[in-house]
Amino acid sequence: MRKIALIISREYLSRIKKKSFIIMTILGPVLFAAMMVLPTYFANMEDKDVKTIAVIDSSKLFKDKIPNSEYLKFVYLENISLETLKKNFDNSGFYGILYITHMVGFSQPQVHIYSKKQPTMAIKMYIQSVLEKEIEKQKLYASGINDNILNAIKTNIKVIIIKLEDGGVEKRTNTGLIMAVGYICGFLIYFFIFLFGSQVMRGVMEEKGNRIVEVIISSVKPFQLMMGKIIGVGLVALTQFALWILLTFVFLNIFQTSLMPQHKVASSDQIVSQDLFTSKPLNQPIAETSDSNKITSELTESFSYLKYINFGVLIFSFLFYFIGGYLLYGSLFAIVGAVSDHDTDTQQFMLPITVPLILAIFVMVGAMQNPESSVAFWFSIIPFTSPIVMMVRIPFGVPYWQIYLSMALLVITFIGTVWMSAQIYRTGILMYGKKITYREVWKWLKYKS
Amino acid sequence: MELFVAQNIVKQYYKYTALDNVSISVKEGSIFGLLGPNGAGKTTLIRIINQITAPDSGQLFFKGRKFEPDDIYKIGYLPEERGLYRKMKVGEQVIYLAQLKGLSKHDAVKRLKYWFEKFEIFGWWDKKVEELSKGMQQKIQFITTIIHEPELIIFDEPFSGFDPINVDLLKNEILNLKQKGSTIIFSTHNMDSVEELCSHITLINKSKNILSGEINEIRNHFKTGIYRITFSGDENVFNSKFKDIFEIIDMDIKNFNHKTIKMHVKTQLNNNQILSLLLPEVSIISFEEVVPSMTDVFIKVVKN
């Protein structure tokens with residue numbers, strides 16, 4: 001036990017002290033925080049200067065009917081032709097010209113925007129929606145429906161999703177938020193398995209390559225060396241993970257106070273809002289720019305659903321699948337390191353590891369849409385994909401028996417892979433300068449210890 | 001008394017037999033040569049002694065009792081394929097390896113300081129291994145092998161990669177260790193150093209034990225009746241009067257008073273009888289029976 005502790009501490013400390021670790025630890029959170037803050041920051045920056053748009057309306061239908069927004073002002077010009085204005089555009093100070101052709105009855109008018117700069121999507125969407133609404137309204141008026149009726153029929157329905165839990169407990173949920181939480185958890189596990197699994201592999205190859213392994217296993221058992229390495233690197237992963245979370249919040253706060261002091265939103269809201277935005281369909285930005293307050297309140301509201309997620313179960317299962325998946329794949333990566341002399345040798349042995357991991361990512365995306373599908377079910381039970389796929393399903397609520405089954409299978413499998421890799425490892429690390437094949441590895445499995 | 005004994009060791013890898021009934025016995029305080037051509041099974045045997053692998057059958061004894069897992073702390077091993085963590089600092093690394101061999105951190109630091117002073121390499125403590133030359137790395141590796149003051153030290157081709165000055169330094173250090181009471185197993189192809197250092201050897205070929213014993217006895221055993229005689233007088237007596245008894249292999253005539261002849265004695269005669277035949281004919285300056293070198297023995301035994 002003392003020896004395995006020594007190995008763990010060497011593996012851990014030598015990696016923690018590396019420059020690359022320190023850089024990754026700081027750079028990662030800076031990037032995350034920037035990704036969360038900068039889009040909002042730039043959106044705000046752009047919106048700050050008010051753009052004035054001249055309106056030339058041949059249809060005469062829209063006078064004073066186009067409302068100004070926070071960042072868009074419309075000036076209705078009557079005594080000037082489009083040609084004259086275009087000629088003098090540079091001196092006019094307008095951002096653009098909105099030209100509406102003559103309309104016969106309620107035929108579709110042609111609408112043009114003339115501008116020196118490319119108008120943003122938001123501007124185009126805004127104008128489009130305002131004009132559409134106005135024409136619809138006028139059509140309604142023409143058929144005798146007035147404002148009173150219009151206001152009376154205006155309806156705004158909000159669907160509140162309530163999950164019926166066992167024992168008559170009801171829980172409010174928010175689908176977007178749940179998807180985001182699951183996605184982040186699943187993806188993090190995938191990322192860390194790959195990143196730190198390959199560190200185990202490279203560590204094993206280093207020891208084999210410079211032959212120090214022969215000295216070390218004359219003092220400790222190969223199994224102790226392998227487990228010491230896997231555990232040491234695993235602790236590095238957990239350390240990096242914890243530091244990333246901590247530092248992301250720190251940097252997020254720094255960025256927010258320095259970039260937009262007036263617009264300080266609780267940082268956790270920001271995280272959620274980002275993922276909600278990205279998972280929304282594209283035709284939404286109009287609502288977001290035109291009514292940002294509403295969005296903010298919606299976000300705060302959806303964030304408030306976080307408290308309905310069972311964090312106890314979530315955190316426990318995250319750590320469980322993180323550690324279980326890492327041990328499973330870490331020991332497989334150790335095998336690859338043990339049977340390879342050079343980097344080029346690793347490729348043929350890496351394939352069986354990368355295929356299930358990448359498959360898990362594909363299934364995970366599908367499972368976000370349909371967590372109850374049979375594909376999602378099976379892949380969240382099969383140990384090689386369960387750490388990633390099950391994490392997406394858990395926030396939606398998974399029957400306990402499925403979680404238990406999946407966890408039990410994961411434990412059994414990683415005990416199996418650790419045993420198998422110990423068997424292959426102890427032979428492989430002492431095989432120098434020999435091209436090793438799958439058939440060879442299979443033989444090693446049958447050597448007596 | 002024997003420090004280490006291996007009896008009837010068998011080790012199989014799948015269908016290949018690496019060691020077939022091999023036995024060795026190493027006397028306490030001696031230097032023991034483990035010889036054999038490449039692929040004979042030496043490395044497998046060394047790995048069994050180091051408990052890196054276990055034999056399929058056979059018995060191992062350490063200090064007269066059964067070999068135990070903790071005995072590994074009393075063994076030092078310098079493998080043929082040497083290596084250290086390239087990115088790790090020298091001091092840190094030796095201390096780590098010494099701790100794996102059961103030393104406390106405090107003791108490891110103390111002893112490492114002693115060795116650094118002895119080799120006058122104190123400036124290396126905080127250097128990374130990759131900054132050192134190959135010869136310097138070898139010295140560090142030597143220190144890691146013996147820092148825990150093992151009772152049994154295994155050197156596998158210890159001189160490869162050293163220049164003649166360092167080979168000498170290392171030889172002296174090995175003899176020093178022997179004097180202090182360490183027992184040494186020495187595996188090499190360099191037969192000159194075997195003659196120089198070892199008292200007993202075992203020769204393994206094709207997984208089998210083909211020769212063991214005290215080194216002088218072995219060499220005497222392989223004597224083929226060849227003599228080297230330096231004399232003054234008429235050399236023709238050898239191929240006229242004694243031509244049925246002696247067969248000249250080589251002759252070197254410097255001048256009438258200094259001639260050297262190498263010859264094979266065809267009949268069963270002891271040294272005194274040969275001398276009594278020659279004394280009346282020539283005046284003898286020196287007379288020696290040529291004992292085969294270990295290289296000769298090695299080649300002869302392995303080829304058969």
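Tutor: Let us begin with the idea of a contact: two residues are in contact if their C-beta atoms, placed from the backbone, lie within 7 Å. Please keep in mind that this is a predicted model.

Student: Which residues does A:Gly96 touch, not counting residues up to four places away in sequence?

Tutor: With those sequence neighbours left out, A:Gly96 touches A:Ile53, A:Ile113, A:Tyr114, A:Ser115 and A:Pro119. A:Gly96 itself is found in strand β3 of chain A, which covers residues 96-100.

Student: Is A:Gly96 buried or exposed?

Tutor: A residue is buried if 20 or more other C-beta atoms lie within 10 Å of its own. A:Gly96 counts as buried because it has 21 C-beta neighbours inside 10 Å. In chain A, buried residues make up 32% of the 449 residues.

Student: How many helices and strands are there in chain A?

Tutor: Chain A has 18 helices and 6 strands. Of the contacts in chain A with a separation of 6 or more, 73% are accounted for by residues 24 or more positions apart.

Student: How many residues of chain A are in contact with chain B?

Tutor: On the side of chain A there are 19 residues, in contact with 22 residues of chain B. The helices α1 (2-16) and α8 (212-216) of chain A each supply at least two residues of the side that touches chain B. By class, that side of chain A divides into 8 nonpolar, 5 polar and 6 charged residues.

Student: Let us turn to chain B. What does the domain assignment of chain B give?

Tutor: It gives domain 1 (2-220) and domain 2 (223-303) of chain B. Their C-alpha centres lie 41 Å apart. Between them, 12 residues of domain 1 of chain B are in contact with 10 residues of domain 2 of chain B. On the domain 1 side, the elements that give two or more residues are α6 (191-197), β9 (200-205), β10 (208-214) and α7 (215-221) of chain B. That side has 8 nonpolar, 2 polar and 2 charged residues.

Student: How do β9(B) and β10(B) run, and how many bridges join them?

Tutor: Strands of a sheet pair through backbone hydrogen bonds, either parallel or antiparallel. Here β9(B) and β10(B) run antiparallel and are joined by 6 bridges. B:Ile204, for example, has B:Asn209 in β10(B) as its bridge partner. The two strands form a hairpin with 2 residues between them, and B:Lys206 in the turn has a positive phi of about 45°.

Student: In what order do the 4 strands of the open sheet in chain B stand?

Tutor: The order is β12-β13-β11-β14 (chain B), with antiparallel pairing. The edge strands are β12 (246-255) and β14 (283-289) of chain B, each of which pairs on one side only. Neighbouring strands of this sheet are turned by 15° against each other on average, direction ignored. Strand β11 (residues 226-232) of chain B pairs with β14(B) over 6 bridges, and B:Ile229 stands opposite B:Phe287 in β14(B).

Student: How far does helix α3 of chain B reach from its first C-alpha to its last?

Tutor: Helix α3 (residues 105-118) of chain B has 14 residues and reaches 20 Å, close to the 20 Å expected at 1.5 Å a residue. α3(B) is followed by B:Glu120, whose phi is positive, near 55°.

Terms used: Residues numbered from 1 in each chain as written. Chains lettered and ligands numbered in written order. Predicted model: local features only at pLDDT ≥ 70, side-chain atom pairs only at ≥ 80, totals over all residues. Pairing = 2+ DSSP bridges. Axes fitted to C-alpha atoms, helices over the stretch in contact; angles between N-to-C directions. Expected span 1.5 Å × (residues − 1). Nonpolar A, V, L, I, M, F, W, Y, C, P; charged D, E, K, R; others polar. Domains from an automatic or database assignment. Buried ≥ 20, exposed ≤ 12 C-beta atoms within 10 Å, placed from the backbone.
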